[in-house]
Amino acid sequence: MMRRTLALAVLLATVPSLAHAQMPAGYDPDESHIQPYTLLDPLTFSDGSRVNTAADWPRRRTELLRLFEQNVYGRTPEAAKHIPLRFHVDEADTPALGGKALRRQITVYFSARREDGPKEHLLLYLPANAHGPIPVVIGLNFFGNQTVLADPGIRLNPVWARAQHTTGPAHLETPAESTRGMQTQEWQVEKVLARGYAFATIYCGDIDPDFTDSIQLGVRPLFYAPGQTAPAAEDWGALGTWAWGLSRAVDYLQTDRHVAPHRIAVTGHSRLGKAADWAAAQDPRFAIILSTESGKAGQSLYRRRYGEDIRHLEHSFPHWFCQNYAKWVGRETEIPVDGNLMLSLLAPRPVYVASAKDDLWSDPRGEFLSAVDASRVYRLLGHQGLVTTEFPPVDHPVDTPVQHDVAYHIRTGKHDVTAYDWDQYLSFLDLHWGRRQ
Ligand code: GTR
C-alpha cells in the first residue's frame, strides 16, 4: 500500500508522509532512554485544587478545552459555529456496489447564498438492506472521496494539486480516474456496510488544504475580523478547521432521516485522527471515537519525549496549529496539555485508541498510557475505563466480554489503517450499539 500511497501523494501532491517504520535520524528509538516524567493530571484544576466528583468535571473540562485552544489548535470562531449552511443533495439514494448500498452525495455550502465560496462534498453510503435509522461512521480522507472505494459513481470533485517539491501556486484539479479506490484498504467501506453501518467521508482539502501556505485557500479567511490578513495567536489552524468541517457534516447527517442522529462515530488516521479527536472534544454529537495512530498532538504523550516532538510538528506542519503552538518547541514537559487530557475530553463517550507496532514515531506506548490515565476520568464519571494498566501483546486488543468504554490495541505493522483495525472498530460499535448483522 505504501507504494500506492506514495504514487498518489505525488499525483495529488498533498501529503508527504514520513517513514514511520523507523525513527528519523536524530530521534532515539530506545525506550529505555526515556527520561523520567510526570503526567499532567486531568483531575486537578490549573489552580491546584482537586476534581473530586463528577459534578466538578464540567468546569475542569471547560478549562481543558480552553488550554487546547490557546496552545495547540486555536479557537473555532464563534461565527463559524453559527454559519448558515446550505445542503444540496447532488445525488440521492443511487443503488451502488452491486446493490449492496445506496449512495448519496451532498454538497455542504458554507454560505446560504454563495456557491463559489468554500464548501465540502460529503459522500454517504447506506447499507441497502438496513432498516430504521442507521448508525454511521464518518471520517475525513486525505486524497479525495473517490479514493475510498473504486465506485465509478463517486463524483470526481476537485482536489489540491501541487508538485511536492515545487513552490508553484497550489491549484485545484479534477482527480484522475486512476485514483478511484486507491485507499480501499485503508477505508474498508464494504466491510463497514456489510456490518450494517452507514459510511460517510469528506476530503479534508475541501475545508483547508494541507499546505504550509494554504491559509488563503481554505475557510479561515471567511472568519477574519475586518482588516485582518493573517491569523492571530489563538486563531485556529488546519486541524481546527478540519474538526469544524466534520461537525458541519454532522449538521447535515442529523437532518437525514436514514441516519441515526445520536449514533454518529468519528474516525481518523494520523493528522486526521488528531482532527477527529479535536472534533469530538468540541462536539458531543460524536458519540463514539475510533482513532488510529493520532500520535503527538493527538492522543500520544508529549511528556514521554519519544517519537515525534513539537519541534518537528511545528517545523513541518505549522499550518495545522495556532500560532501559539510555536512557543512550546523544545518544551514538551511544560506545554499545559497532553494526550491524556485530550482523551479525558472524550470521556465518558466510548473511545477506541489504536496503535501499530512499527509506528514508533507516534509512540504506541504513549498512546496506551494516555488511555490508562484518562480512564480515571471515565471512572469518575461512572464509566468503565481501560481494563488493564499492562501494555498488551501485539494483536491482542484490550477487551472484555462486558461493555467497556476505553479500548486499545497495538497491531502488527506500520503507520496505516488496516482491515484488522476496522474489524476491532466494528466490534466495538456492535458492543455499544448492539450487533446489526
Ligand atoms: C507525519 C506526522 C504525524 C502524522 C502523520 C500523518 O509525518 O509527523 O504527526 O500526523 O504525518 O498525518 O500522516
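How many of the nine residues of strand S2 (residues 101–109) are buried? Eight of the nine residues of S2 are buried, and the strand is mostly covered, where buried means under 20% relative accessible area, exposed over 50% and partly exposed in between, with a 1.4 Å probe and protein chains only. This is a predicted model, in which local features need pLDDT of at least 70 and side-chain atom pairs count only at pLDDT 80 or more, while totals for chains, interfaces and linings use all residues. Residues are numbered from 1 along each chain as its sequence is written, and side-chain values use heavy atoms, with hydrogens and water left out.

**The sheet as a whole**

- Nine strands form an open sheet with mixed pairing, in the order S1-S2-S3-S7-S4-S8-S9-S10-S11; strands (E, at least two residues) and helices (H or I, at least four residues) are DSSP runs numbered from the N terminus.
- At the edges lie strand S1 (86–96) and strand S11 (406–411), each of which pairs on one side only, and two strands count as paired if DSSP finds at least two bridges between them.
- Direction ignored, neighbouring strands of this sheet are turned by 15° against each other on average.

**Antiparallel pairs**

- S1 and S2 pair in the antiparallel sense over eight bridges, and the bridge partner of histidine 88 is threonine 107 in S2.
- The hairpin of S1 and S2 has four residues between the strands, and in this hairpin leucine 97 takes a positive phi near 55°.
- S2 also pairs with strand S3 (residues 119–127) in the antiparallel sense, over nine bridges, and arginine 104 has leucine 124 in S3 as its bridge partner.

**Parallel pairs and strand S9**

- Strand S4 (residues 134–141) and strand S7 (residues 198–203) pair in the parallel sense over six bridges, with valine 137 opposite phenylalanine 199 in S7.
- S8 and S9 also pair in the parallel sense, over five bridges, and glycine 268 stands opposite serine 291 in S9.
- In a regular strand the side chains alternate between the two faces of the sheet.
- From S9, Ile288, Leu290 and Thr292 point one way, whereas Ile289 and Ser291 point the other way, and all are buried.

**Helices H7 and H9**

- Two packed helices are described by the angle between their axes and the distance between the axes.
- The axes of helix H7 (residues 271–282) and helix H9 (residues 339–346) come within 8 Å and cross at roughly 45°; axes are lines fitted to C-alpha atoms, for helices over the stretch in contact, and angles run from 0 to 180 degrees between N-to-C directions.
- H7 and H9 are therefore oblique to each other, since angles under 35 degrees count as roughly parallel, over 145 as roughly antiparallel, 65 to 115 as roughly perpendicular and the rest as oblique.
- Asp277, Trp278, Ala280 and Ala281 of H7 make the contact with Met342, Leu345 and Leu346 of H9, where contact means heavy atoms within 4.5 Å.
- Eight of the eight residues of H9 are buried, so H9 is largely enclosed by the rest of the structure.
- What covers the buried residues of H9 includes helix H2 (57–73), H7, S9, S10 and helix H10 (364–380).
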